[in-house]
Amino acid sequence: MEGRLLADILTQNGVTGAVLLDAEGFVLFSEPQHDDSVQLLGKAIALLDPEFASGRITLNAENGTIIAQQLLGNRVLVVRCQVSSNLGHIRHVLDSAANQFNALFP
């Protein structure tokens with residue numbers, strides 16, 4: 001189910017990768033599945049101190065944007081976007097996806 005939700009996020013215009021991390025920062029699922037850059041990106045985001053991070057973090061860079069969404073169970077959803085992507089639309093999609101991921105958490 002988690003893989004399907006990530007695949008749905010990846011179909012959004014401007015999204016180039018998505019990863020779901022567990023509470024320890026390990027990659028649970030990623031899309032595309034064999035893209036090491038997405039997994040490395042997720043591990044870098046996992047280094048952010050959860051004491052100071054809550055909700056959603058958006059990192060704008062020269063070559064793209066990274067959005068990290070906190071989920072229940074200290075899981076984190078990380079999405080990589082192109083510079084030209086519609087971040088408002090992607091945030092709306094992430095709101096819906098976060099609700100669906102949270103519903104899967106026991």
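Arg56 has a relative accessibility of 27%, so it counts as partly exposed (between buried, under 20%, and exposed, over 50%, with a 1.4 Å probe and protein chains only). This is a predicted model, where local features need pLDDT of at least 70, side-chain atom pairs count only at pLDDT 80 or more, and totals for chains, interfaces and linings use all residues. Residues are numbered from 1 along each chain as its sequence is written, and side-chain values use heavy atoms, leaving out hydrogens and water.

Arg56 pairs up with Asp95 in a salt bridge, 2.4 Å from N to O (the rule: a side-chain nitrogen of Lys or Arg within 4 Å of a carboxyl oxygen of Asp or Glu). That pair ties together distant parts of the chain, with Arg56 in strand β3 (residues 56-61) and Asp95 in helix α3, 39 residues apart. Helices here are DSSP runs of H or I with at least four residues, strands are E runs of at least two, and both are numbered from the N terminus. Asp95 is partly exposed too, at 40%.

## A pair inside α1

The structure has two salt bridges. Besides the one above, Asp8 bonds with Arg4, their closest N and O atoms 2.9 Å apart. Both sit in helix α1, four residues apart, or about one turn of the helix. Asp8 is partly exposed at 35%, and Arg4 is partly exposed at 44%.

## How α1 meets α3

Helix α1 (residues 2-10) packs against helix α3 (residues 87-104) at about 180 degrees, so the two are roughly antiparallel (over 145 degrees).

Terms used. Axes fitted to C-alpha atoms, helices over the stretch in contact; angles between N-to-C directions. Parallel < 35°, antiparallel > 145°, perpendicular 65-115°, else oblique.
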